[in-house]
Amino acid sequence: MRQSGWRQFKRKLFEVPFFMKLFHWEFWPFNVFYFPVFIYYAFLSAKARSVFFFSAANPTIELGGMLGESKGDIFKLIPEKYVPTTRRFPPSSSAKDITTWMEATRLNYPILLKPDIGERGWMVKKIDSLTDIEQYLKSIKVDFLAQAYVSYPIELGLFYYRFPGIAKGRISSITRKGLMAVTGDGKTTARSLLTSNLRARLYIKDFEEKYPEKMDMVPGKGETIEVEPIGNHCRGTTFLDDTGLATEALEATFDEIAASIPGFHFGRFDLRCQSYEDLEKGINFKILELNGAGAEPGHIYQPGRSIWKGYRDVLHHLNVLCNIAIQNHRLGVPYTPFKEGLRFIKKVKAYNRLKESE
């Protein structure tokens, strides 16, 4: 009885959002989880003899893609056939500017709007109407991208790296993204269904604020409603480890794709595809974003995964990043000088202050 009572107590304790975050490391703040990684980073900096060694890993991307890189500039490096129709707009743009572009490119709703420089899903919005565009323009104060919405059913984060001078690379991580959704019984509101889901409880206040019209919906029996359309971990998406599905055929396809992107050696392709079979063939998929040196192997956040395995995989990728950068440097690619790197960080901080002022 005492053991049974203790188990019930622990179960109830873990249902409290604070304790759920505390005892499940996937929800820890970035700086808390990465603190030990910074120590290893210092060792690699000494090994490479540069604090900004990562800048040489992807020399055609600003600072190698560690932080503050322009998504629009990266899209220019990727062959057009792999990316959705996309255009960069200044924050002074009007709704008419965007709808005119949509008409010219024959795009219908929905579309995506997202900052040209941004991370962790900040200000990424699925746009379903002119009203949504107008609301977005009231908040955005930085350059942003308008992008065709890709409706393929499978969303992945596929990590790829390739050493300089070698044609064959490696897919080291595949993360399948399970978007926050509810399946109805024909009687219960989406709000109640979310409340009964432990993971959803952590985000329900955000859902109430962003999607109030969905909260009172009563999905039919067996009907699934997608609550959060953006596949980001900090917006409730479950990250699942599909790395075991990295076949030789899939790696060969991404060898070809990566080789077509000038200067790219290390990073994560965020994409949507129709199926793994089609992705192996290089058809029916689109690259939503390409993240460089600062990308994470998202599979580490699969629920229940050991924190030690998470650290193992993060440190492995950081070591690979360093070795690629060193090899590129030996081939003549310069590291970003220390003073220039500091100036860039100051620029990113100023950009973040502008974001926070919104």
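Helices (H or I, at least four residues) and strands (E, at least two) are DSSP runs, numbered from the N terminus. By this definition, W308 lies in helix α13. The structure is a predicted model, in which local features need pLDDT of at least 70 and side-chain atom pairs count only at pLDDT 80 or more, while totals for chains, interfaces and linings use all residues. Residues are numbered from 1 along each chain as its sequence is written, and side-chain values use heavy atoms, with hydrogens and water left out.

**Nonpolar cores**

- A nonpolar core is a set of buried Ala, Val, Leu, Ile, Met, Phe, Trp, Tyr and Cys residues joined through side-chain atoms within 4.5 Å; buried means under 20% relative accessible area, exposed over 50%, and partly exposed in between (1.4 Å probe, protein chains only).
- The largest nonpolar core has 34 residues, and those with the most contacts inside it are F33, F53, F54, F266, Y301, L321 and Y335.
- At least two residues of this core come from each of α3 (30-48), β5 (154-161), α13 (307-330) and α14 (338-356).
- Helix α13 gives the largest share of this core, 10 residues.
- Apart from its neighbours within four places in sequence, F54 is in contact (heavy atoms within 4.5 Å) with Y41, L63, G64, M66, A293 and L321.
- A second, separate core of 27 residues includes I257, A258, L279 and I287.

**Helix α6**

- In helix α6 (residues 130-139), the buried residues are I133, Y136 and L137.
- These buried residues line one face of the helix, because they fall within an arc of 100 degrees when seen down the axis of α6; the arc is that of the directions from the helix axis to the C-beta atoms.
- An α-helix has 3.6 residues a turn, so residues three or four places apart point the same way.
- The cover over the buried residues of α6 includes α5 (95-104), β2 (111-115), β3 (125-127) and β4 (144-148).

**The second largest pocket**

- A pocket is an open set of points on a 1 Å grid over the protein atoms alone, where a 1.4 Å probe fits, with protein on both sides within 12 Å along at least five of seven lines; lining residues have an atom within 4 Å of a point.
- The second largest pocket has a volume of about 410 Å³, the volume being the space filled by probe spheres set on the points.
- The pocket is lined by 15 residues, of which K125, K126, D132, K210 and Y211 are the closest to its centre.
- Two or more lining residues come from each of β3, α6 and α10 (212-215), and the largest share, four residues, comes from α6.
- The lining divides into six nonpolar, two polar and seven charged residues; Ala, Val, Leu, Ile, Met, Phe, Trp, Tyr, Cys and Pro count as nonpolar, Asp, Glu, Lys and Arg as charged, and the others, Gly among them, as polar.

**Position of W308**

- W308 counts as exposed, at 67% relative accessibility.
- From C-alpha to C-alpha, W308 and K210 are 35 Å apart in space, and they are 98 residues apart in sequence.

**Backbone features**

- Most residues other than glycine have a negative phi, and most peptide bonds are trans.
- Y109 and P110 are joined by a cis peptide bond, with omega about 0 degrees; P110 is placed in the loop between α5 and β2.
- R106, found in the loop between α5 and β2, has a positive phi of about 60 degrees although it is not a glycine, and R106 is exposed, with a relative accessible area of 77%.
- M123, in the loop between β2 and β3, is not a glycine and has a positive phi of about 60 degrees; at 13% relative accessibility, M123 counts as buried.
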